[in-house]
Amino acid sequence: MAGQADNYSGWLIAQASADRMAEIAKAAKKNKAVSAGVDIACAWAAGEINSTEQFHSFVVDATVGMAYNDACAFRAATEQLADRLTKMQTEGTSKDKAAAALFCYGYSVVQME
């Protein structure tokens, strides 16, 4: 029975979704700004960043060398993602909480090729 479970057609949908998420994460990791923003937002949502001052410090550090408009866009996008992930984890349904956790975990473990 266990040997047949690997071939069960229902797994194809889940595997295709996981593969698609991995490809999206790989593409995002190729962009250093996007990668830094996701890392910061996930760290905030996980409680690894303990204060807004520390959050803003990470954001400022990540924007070094960016043009002003790019830095402003980066800050806004990172804050928006961090807020969304935090709300999903604190106010969301169990599916929202799982999605936020899987998003950050999946992003963190995807390897660049």
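Cys72 is partly exposed, with a relative accessible area of 24%, where partly exposed lies between buried (under 20% relative accessible area) and exposed (over 50%), taken with a 1.4 Å probe on protein chains only. The structure is a predicted model, in which local features need pLDDT of at least 70, side-chain atom pairs count only at pLDDT 80 or more, and totals for chains, interfaces and linings use all residues. Residues are numbered from 1 along each chain as its sequence is written, and side-chain values use heavy atoms, with hydrogens and water left out.

**Confidence**

- The protein chain has an average pLDDT of 82, and 73% of its residues score at least 70; pLDDT is the predictor's confidence in each residue, from 0 to 100.
- Helix 1 (residues 2–5) has the lowest confidence, with a mean of 55, while the highest, 96, belongs to helix 4 (residues 52–62).
- Where pLDDT is low, the predicted coordinates should not be read in detail.

**Overall architecture**

- The protein chain contains six helices and zero strands; helices (H or I, at least four residues) and strands (E, at least two) are DSSP runs, numbered from the N terminus.
- Read from the N terminus, the order of elements is α-α-α-α-α-α.
- Of the 113 residues in the protein chain, 23% are buried.
- Among contacts between residues at least 6 apart in sequence, 54% join residues at least 24 apart; a contact means heavy atoms within 4.5 Å.

**The disulfide**

- One disulfide is found in a search of the whole structure, a disulfide being a pair of cysteine sulfur atoms within 2.5 Å.
- A disulfide is a covalent bond between the sulfur atoms of two cysteines.
- The partners are Cys42 and Cys104, with their sulfur atoms 2.1 Å apart.
- This pair links distant parts of the chain, since Cys42 belongs to helix 3 (residues 32–45) and Cys104 to helix 6 (residues 94–109), 62 residues apart.
- The link of Cys42 and Cys104 is left-handed, with -85° about the S-S bond.
- Cys42 is buried, at a relative accessible area of 11%, and Cys104 also counts as buried, at 15%.

**Helix 3 and helix 6**

- Two packed helices are described by the angle between their axes and the distance between the axes.
- The axes of helix 3 and helix 6 come within 10 Å and cross at roughly 135°; axes are lines fitted to C-alpha atoms, for helices over the stretch in contact, and angles run from 0 to 180 degrees between N-to-C directions.
- Helix 3 is therefore oblique to helix 6, because angles under 35 degrees count as roughly parallel, over 145 as roughly antiparallel, 65 to 115 as roughly perpendicular and the rest as oblique.
- Val34, Ser35, Val38, Asp39 and Cys42 of helix 3 make the contact with Phe103, Cys104 and Tyr107 of helix 6.
- Helix 3 and helix 6 have a left-handed crossing; a crossing is left-handed if the near helix is turned anticlockwise from the far one by less than a right angle, and right-handed if clockwise.
- Tyr105, placed in helix 6, is exposed, with a relative accessible area of 54%.
- The C-alpha atoms of Tyr105 and Cys42 are separated by 8.7 Å, although these residues are 63 residues apart along the chain.

**Helix 4 and helix 5**

- Helix 4 and helix 5 have axes that come within 10 Å and cross at roughly 140°.
- These two helices, helix 4 and helix 5, are therefore oblique to each other, and helix 4 passes helix 5 in a right-handed crossing.
- The contact involves Phe55, His56, Val59 and Ala62 of helix 4, together with Phe74, Arg75, Thr78, Glu79 and Ala82 of helix 5.
- Thr63 lies in the loop between helix 4 and helix 5 (68–91) and is buried, with a relative accessible area of 14%.
- Not counting residues up to four places away in sequence, Thr63 touches Ala71 and Phe74.

**Helix 5 and helix 6**

- The axes of helix 5 and helix 6 come within 7 Å and cross at roughly 135°.
- Helix 5 is therefore oblique to helix 6.
- In helix 5, Leu81, Leu85, Met88 and Gln89 meet Asp96, Lys97, Ala99, Ala100, Ala101, Phe103 and Cys104 in helix 6.
- Ala98 is located in helix 6 and is partly exposed, with a relative accessible area of 36%.
- Ala98 and Met88 are 10 residues apart along the chain, and their C-alpha atoms are separated by 8.8 Å.
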